[in-house]
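Here is a short report to read alongside the structure.

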Amino acid sequence: MDFSVLGPVTVTAGPPTAPVELPLGPAKRRSVLAMLLLRPNATVSVEQLITSLWEDEPPAHARTVIQGHVSRLRAALAEGGAEEHGVELATHSSAYLLRIPESLIDTQRFDQLTAQASPESAPGEAVRLLRQALGLWRGPALTGTVASPPFAAAAHALEERRLSAVEALARAHKALGEHEEAVRALHPAAVANPLREGLIAALMLALYRSGRQSDAIAWFHRTRQLLDDDLGVDPGQRLTAAYQEILRAAPEADGPQAGAQSAAAPGPAGQPVASTPSHPQSVAAASAAAPVPELLPRPPAGFHGRGAELAELTRLTQGGAEPAQGGSGYPQEGGIALLTGPAGVGKTGLAVHWGHAQAAAFPDGRLFADLRGFSGGEATVPAEVLREFLLALGTPAEQIPTSTEAASALYRSLAARRRLLVVLDNAGSSAQVRPLLPGGPHCATLVTSRSRLDGLIATDAARPVRLHALGTEDGAALLGALLGPARVAEDPEAARELVALCDGLPLALRAASAQLMARPRWRLARLATALRDERRRLALLSAEDTGVAAALRNSVARLSADDAQLLRALGTGFAREVNTAEAAALSGADPELIQDSLERLAEMHLLDEEATNRYVMSDLVKLFAQGDGSGRGETPGEGSGGGSGEPSQGA
């Protein structure tokens, strides 16, 4: 016989090759058996059973009900050959006792196996024992019992023992250098328990040791946000320590950077001491012992085109520098490139793609921060980013200044002798960016924003790179990269129409590709037909938590009420182009005020000023404005997902 509570409460009998499940009856009867199995070979009083079976006031005949369940359980166990296996359900006054060899209960076997495992001293044997123990689980513990606090507490305690076994299995894999196996063991448990900080910390370190540093950091930020949203607390010591270890790229004997670097000797303030370089080679030598942060997100899949913009980024940030030996050169003047453009045009994707392509030019690391300037929530404050950057550059947490000004100064001094790439994504204002600009002449900075950030150009000599929608051929090529060239080649005319209906925006094209990948039997022409319906277009150009409508909503949320009202009026009142006089007539406002509003809409890339006093609105912006230019009410595509609207996968 076999008694199971690690999953549905069941009893099986018969040969192991063909076990038969005994009929246990309704939930309360299973609950009586489960409570006895949780206390094998010990008496369980009728009062305990009544408390467990009835959360509210028990019926007057509760004892009689329990007696009936016990009687039927005895009969079911007898039919399964309980006596032959040494199993007896006995009555002791006003209590019951289940005499049973503990080897017949899955919880007891689980505990024995986990107790025998020694992940650190005998990891190979521990992997075998722990896998066998975890294999006893068939779902959530005590499934099929009544929903009462005693059973909920018992199920929680069993789940805690399972998670401890998962963490022990991961430690055993770590001891064997099997970090991918550790990730596979931890990941499902982490997804199911997103607030269990020790589990998340173990997963982060396993990801880092298997060479997936960006995924590890993403888990930290996701958990930090959940802790803040759900509990209003900051990450605990274990989670924070794991994050700091990853940011510092601490060498591991079995990690991805083993033997590559050693810690720098601390100076008077605890910072690495480096000699003053007199030429590029000594810059690399000076920072060779420092941590090499790699904070860029993973490269965007299916990236295509943008050759001119990529070349311009290289020219602006690296100037005329001669390539270093074995590298591709590095900036000589601390260049700042400002990538601007409308929502969904692919600014983040371009910056991340360029950063990965130019990795050799920045041997001292690549920093990345999402400033959340247009993400629909609160923007990231510079102090938060400075703390993460300083940790990544090897500053002990206790030595990070509390004031933004002091932290910024320390950050600039650490960057002064390094060849770093700093990507400041989704900036909302020039003031948000300035404290995060590195001070060294050998650093390059990429800033992306939907706003023109004229202030950054004026005060910090940032060089703008305006990103426009993709042309027809590049847009069709992006579809081919995402869907496969054969699918696009079978209907090139439909592919070109899709590009036009998506306004050439990579975000829209990716959302359209997601629709087609989810429907492999659809031809491109079928989606193009659906997108011709302007009432459905924005909804169709959404994919789960991202889409054109969500991206535009976040842009429009930054507008004043008057500017949002003008956008609505323009969306419903003209075909494609408008000038100041026409806009004033549509809105009924003073032309001088309207001119300022048009300028602000153009600055946010919700309009394009194609010629002096001639403004153009794209079809997708027009459709959004017709729905609700304020971005606060129902819009075409409302309810299809929020999100920042411009993920790093943009082309």
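## Helix α5 and its packing

In this predicted model, the buried residues of helix α5 are P123, A126, V127, L129, L130, A133 and L134. These residues pack against α4 (106–116) and α6.

An α-helix has 3.6 residues a turn, so residues three or four places apart point the same way.

## Helix α25

Helix α25 spans residues 561–573 and has 13 residues. Its reach, first C-alpha to last, is 18 Å. That is close to the 18 Å expected at 1.5 Å a residue.

Which residues of α25 are buried? They are D563, A564, L566, L567, A569, L570 and G571. The list includes an aspartate, D563.

## Overall architecture

The protein has 651 residues, and buried residues make up 51% of them. Its secondary structure comes to 28 helices and 16 strands.

Take the contacts between residues at least 6 apart in sequence: 70% of them join residues at least 24 apart. The accessible surface comes to about 27900 Å². Carbon and sulfur atoms account for 52% of that surface.

## The nonpolar core

The largest nonpolar core has 194 residues. Within this core, F3 and M204 have the most contacts.

What does F3 touch, leaving aside its neighbours within four places in sequence? The partners are T10, V11, L37, L77, V87, I100, L104, I105 and D106.

## Salt bridges across the chain

The structure holds 27 salt bridges. One of them pairs E245 with R209, with the closest N and O atoms 3.9 Å apart. The cut-off for a salt bridge is 4 Å, so this pair counts at 3.9 Å. The pair links distant parts of the chain, 36 residues apart. E245 sits in helix α10 (residues 237–247), and R209 sits in helix α8 (residues 197–209). R209 has 10% relative accessibility, so R209 counts as buried.

A second bridge joins the side chains of E294 and R366, at 2.6 Å from N to O. E294 lies in the loop between α11 (280–286) and α12 (307–318), while R366 lies in strand β8 (residues 366–370). The bridge therefore ties together parts that are 72 residues apart in sequence. E294 counts as partly exposed at 26% relative accessibility. R366 is buried, with a relative accessible area of 8%.

How far apart are E312 and R315 in helix α12? They are 3 residues apart, so about one helical turn separates them. E312 counts as partly exposed, at 26% relative accessibility.

## Positive phi in two loops

L142 has a phi near 65 degrees, a positive value in a residue other than glycine. L142 lies in the loop between α5 (123–134) and α6 (149–175). At 4% relative accessibility, L142 is buried, because the label needs a value under 20%.

H605 also has a positive phi, about 60 degrees, although it is not a glycine. Where is H605? H605 is in the loop between α27 (591–603) and β15 (608–611). Its relative accessibility is 7%, so H605 counts as buried.

## A nonpolar surface patch

L195, L231 and V233 form a nonpolar patch on the surface. Together they have about 230 Å² of accessible area.

L195 lies in the loop between α7 (179–192) and α8. At 32% relative accessibility, L195 counts as partly exposed. Patch residues need over 30%, so L195 passes that cut-off at 32%.

Key:
Residues numbered from 1 in each chain as written. Predicted model: local features only at pLDDT ≥ 70, side-chain atom pairs only at ≥ 80, totals over all residues. Heavy atoms only, no water. Helix = DSSP H or I, 4+ residues; strand = E, 2+ residues; numbered from the N terminus. Buried < 20%, exposed > 50% of the residue type's maximum accessible area, 1.4 Å probe, protein only. Core = buried A, V, L, I, M, F, W, Y, C linked by side-chain atoms within 4.5 Å. Contact = heavy atoms within 4.5 Å. Expected span 1.5 Å × (residues − 1). Patch = residues over 30% accessible without salt bridge, like charges linked within 9 Å, V, L, I, M, F, W, Y side chains within 5 Å. Areas by Shrake-Rupley, 256 points an atom, 1.4 Å probe, with all protein chains shown as cover.
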